Amino acid sequence: MPGSDEPAGAGIGSFFSQIPTILWDRKWWIIVPLILGLIAAVAATLLIKPVYQSSALMVVQSPQVQGEVFADLNNEVVDRRIARIREEVISRPNLVSLIERHRLYTEARQSQPLSDVISTMRDNIALVPTTAEVASGRDERTIAYRLSFQYSEAAPAQAVTQDLMDSILELDATGNVEQATNTVQFLSDQAAELQERIDAVQSQIAGVTMRNGQVLSNGPVVSGGGGSYDVQIASLQRDNANLVIQRNRALSSDQRDPGVLSAEAALASARAIYTENHPDVVRAKQRLAEARELARQNVSNLPFEAIDDQIAFNNRQISALQAAKAQEQAQLNARLAAQSRAPVVQQELSALQQNLSGLNSQYQDVQQRLTAARAGVKAEDEQIAERLTLVEAPIIPDTPIWPDRLLIFAICVGAGLALGGVLALAVEFIMRPIRGPDALLGITGQNPMAVVPVIEKRKTPKQRGARRFIPGLAGRR
């Protein structure tokens, strides 16, 4: 029907305008949850165990000596070093020692495994980075770390924080010294190993140079006196041939002696005339025999030994010359073979030299790092390197960080009021009572013909109290 939207809108507006009345009429639905919230707040305040937190502040102090020598003293990242220290501090043996020493978590240890207790304690330990302003004439870093521990009692919280702080400072100092010492030892071993490799490569270079001196000389291969040797040998051989001819002639000179030849001619003439038994022939034979004997005697007196000695001397000279020629030829062949191997030898030497250069470079770098590491050990011994420094020592906390009683009270009271308001409105929507003409208009769509006001009499406090507790009386007007 026309105008139906207006009654609906009027009903909603009437409902919101009657909220104070609804809340007042349903006040017990609000008061009871509020009382329950107050009871919960009081119970939470009394039953929740307090948590105390004690903390300490440590600053990462910069090295007191600056320069290239100390540039590598603290090459480990601070966060990484602190993380390593934290893992050592919260290790199981260390936490078990702290629990036993300070008698922590006595109730929890009776009902829970020790691993759960240790896990709880780890969760209660915090080591977080922060910043801190340190008044100093030097340029100090602002990197700092705050260590904290939470526990249900104040004194044990401070004692455990103190022990943890001492362990962290000790581990930082000893860890830096140990790291610097280990670095020195490692670099010393590395330098010794590199020195051995350098000596080995130098020995290889010296061996290659010694074995291939002719190759490395780079001189041209010049043929020796092979031709002169041949000339001398040929000359000596000709001399020997002439001496042999002379000796052979001398040996047969008795047959060419003039006396022998004359006697042979006379014998031939006599034989041509006379018989063999003729006295002239016999005398000719006798003279021939005498001439031959005389010739043989003359041959025996010739100097054959001198000729033989000269031939033997010449043979020795020929053997010496042939040996010298063979040696020179062998050297020439060796030089030619060496020159043929020159590229391989040069390549081998180049590789060895390059390897030696790289090893020398590594050795110099290791020596520089070793010098810096030794300076780091000295700096750690004199406590001038980068280290953690205590700024704020842990103290016994005065108040717990949990629970926040005001916050708990506000939450419980607010939750009670909110729950009561929701319950009151829910009851109102369920029961849907008629409250005034607007509600009737919203139900029937018709305006009432008249509104009869409710006139209440002034009642005594006793009558008002009785009326309040009579069921259904409050709704009658």
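## Overall picture

Take the contacts in this chain between residues at least 6 apart in sequence: 79% of them join residues at least 24 apart, a contact being heavy atoms within 4.5 Å. The model is predicted, so to speak of local features takes pLDDT of at least 70 and side-chain atom pairs count only at pLDDT 80 or more, while totals for chains, interfaces and linings use all residues. Residues are numbered from 1 along each chain as its sequence is written, and side-chain values use heavy atoms, with hydrogens and water left out.

The chain has 17 helices and 4 strands. These are DSSP runs numbered from the N terminus: H or I of at least four residues for helices, E of at least two for strands. Of the 477 residues, 29% are buried, which is to say under 20% relative accessible area with a 1.4 Å probe, protein chains only.

## The sheet

The 4 strands make an open, antiparallel sheet, and the order is β2-β3-β1-β4. To count as paired, two strands need at least two DSSP bridges between them. At the edges sit β2 (125-131) and β4 (387-392), each pairing on one side only. On average, neighbouring strands here are turned by 30° against each other, ignoring direction.

Zoom in on β1 (residues 52-61) and β4: the two run antiparallel and are joined by 5 bridges. V60 stands opposite L388 of β4. Over on β2 and β3 (143-151), helix α7 (residues 114-124) lies across the strands, at about 15° to β2.

## Helices α3 and α15

Helix α3 (residues 27-47) packs against helix α15 (residues 405-431) at about 160°, and their axes are 7 Å apart. That angle makes the two roughly antiparallel, a label for anything over 145 degrees. Axes are lines fitted to C-alpha atoms, for helices over the stretch in contact, with angles from 0 to 180 degrees between N-to-C directions.

The α3 and α15 crossing is right-handed; in other words, the near helix is turned clockwise from the far one by less than a right angle. Sorted by class, their contact has 17 nonpolar, 5 polar and 1 charged residues. Nonpolar here covers Ala, Val, Leu, Ile, Met, Phe, Trp, Tyr, Cys and Pro; charged is Asp, Glu, Lys and Arg; the others, Gly among them, are polar.

## A look at T371

T371 belongs to helix α14 (residues 342-381). Its relative accessibility is 46%, so T371 counts as partly exposed, the class between 20% and 50%. T371 and L187 are 184 residues apart in sequence, yet 9.5 Å apart in space, C-alpha to C-alpha.

Conventions:
Angles under 35 degrees count as roughly parallel, over 145 as roughly antiparallel, 65 to 115 as roughly perpendicular and the rest as oblique.
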